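Please read the numbered points alongside the display below.

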Amino acid sequence: MHRHPSKLPLRLASTEDDQPRRIVNTKPEQGQPGEYHLPYPVKKDQQSYDYALVSMTKGINARHQLLLVNGLNSEGTQMAMEFLTDIPDLQSLISTLRRMTPGHTG
């Protein structure tokens with residue numbers, strides 16, 4: 001069965017009233033925030049942060065999967081794509097994911 005992105009535990013939320021575009025964590029574990037948004041720096045020399053959401057879900061049939069890469073802005077999306085296409089970064093990510101869920105077969 002296809003899992004729609006709106007049903008995933010981490011999902012994008014669009015800008016609404018006074019809330020900026022953000023990533024919502026519907027099931028945060030202890031110490032994790034319920035939302036990730038861009039904290040714009042107040043000072044020129046202050047470090048800035050960006051977030052991206054990378055989701056792998058089933059495709060339209062059993063042989064295909066869909067990789068969704070969404071940053072909170074264009075720069076976040078670009079940085080996520082660069083991270084995912086850098087072999088050492090990708091190998092590190094895969095190793096981390098395998099340690100976190102050793103029985104996963106994906």
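1. The lining of the largest pocket divides into 20 nonpolar, 10 polar and six charged residues. This division is drawn from a predicted model, and the pocket has a volume of about 1900 Å³. Of the 36 lining residues, those closest to the pocket centre are V54, S55, M56, L93 and L97.

2. Which elements give two or more residues to the lining of the largest pocket? They are β2, β4, β5 (65-71), α1 and α2 (87-100).

3. Strands β4 and β5 deserve a separate comment. They pair in the antiparallel sense over seven bridges, and a hairpin of six residues joins β4 to β5. Within this pairing, K58 has Q65 in β5 as its bridge partner.

4. The open sheet is a further point to examine. It is formed by three strands in the order β1-β2-β3, with antiparallel pairing. The edge strands, each pairing on one side only, are β1 (10-13) and β3 (35-37). On average, and with direction ignored, neighbouring strands of this sheet are turned by 25 degrees against each other. In general, strands of a sheet pair through backbone hydrogen bonds, either parallel or antiparallel.

5. How many bridges join strand β2 to β3? Three bridges do so, and the two strands run antiparallel. For I23, the bridge partner in β3 is Y36.

6. Turning to the chain as a whole, its secondary structure comes to two helices and five strands. Along the sequence these follow the pattern β-β-β-β-β-α-α. The C-alpha atoms fill a box of roughly 45 × 35 × 30 Å, taken along the principal axes. Of the 106 residues in the protein chain, 16% are buried.

7. The mean pLDDT of the protein chain is 86, and 94% of its residues reach 70 or more. Where is confidence lowest, and where is it highest? The lowest mean, 87, belongs to strand β4 (residues 52-58), and the highest, 93, to helix α1 (residues 74-84). Both β4 and α1 are among the elements that give two or more residues to the lining of the largest pocket.

How values were computed. Residues are numbered from 1 along each chain as its sequence is written. This is a predicted model: local features need pLDDT of at least 70, side-chain atom pairs count only at pLDDT 80 or more; totals for chains, interfaces and linings use all residues. Side-chain values use heavy atoms; hydrogens and water are left out. pLDDT is the predictor's confidence in each residue, from 0 to 100. Helices (H or I, at least four residues) and strands (E, at least two) are DSSP runs, numbered from the N terminus. Two strands pair if DSSP finds at least two bridges between them. Axes are lines fitted to C-alpha atoms, for helices over the stretch in contact, and angles run from 0 to 180 degrees between N-to-C directions. On a 1 Å grid over the protein atoms alone, a cavity is a set of points where a 1.4 Å probe fits but cannot get out, and a pocket is an open set with protein on both sides within 12 Å along at least five of seven lines; lining residues have an atom within 4 Å of a point. Grid points are joined across faces, edges and corners, and a volume is the space filled by probe spheres set on the points. Ala, Val, Leu, Ile, Met, Phe, Trp, Tyr, Cys and Pro count as nonpolar, Asp, Glu, Lys and Arg as charged, and the others, Gly among them, as polar. Buried means under 20% relative accessible area, exposed over 50%, partly exposed in between (1.4 Å probe, protein chains only).
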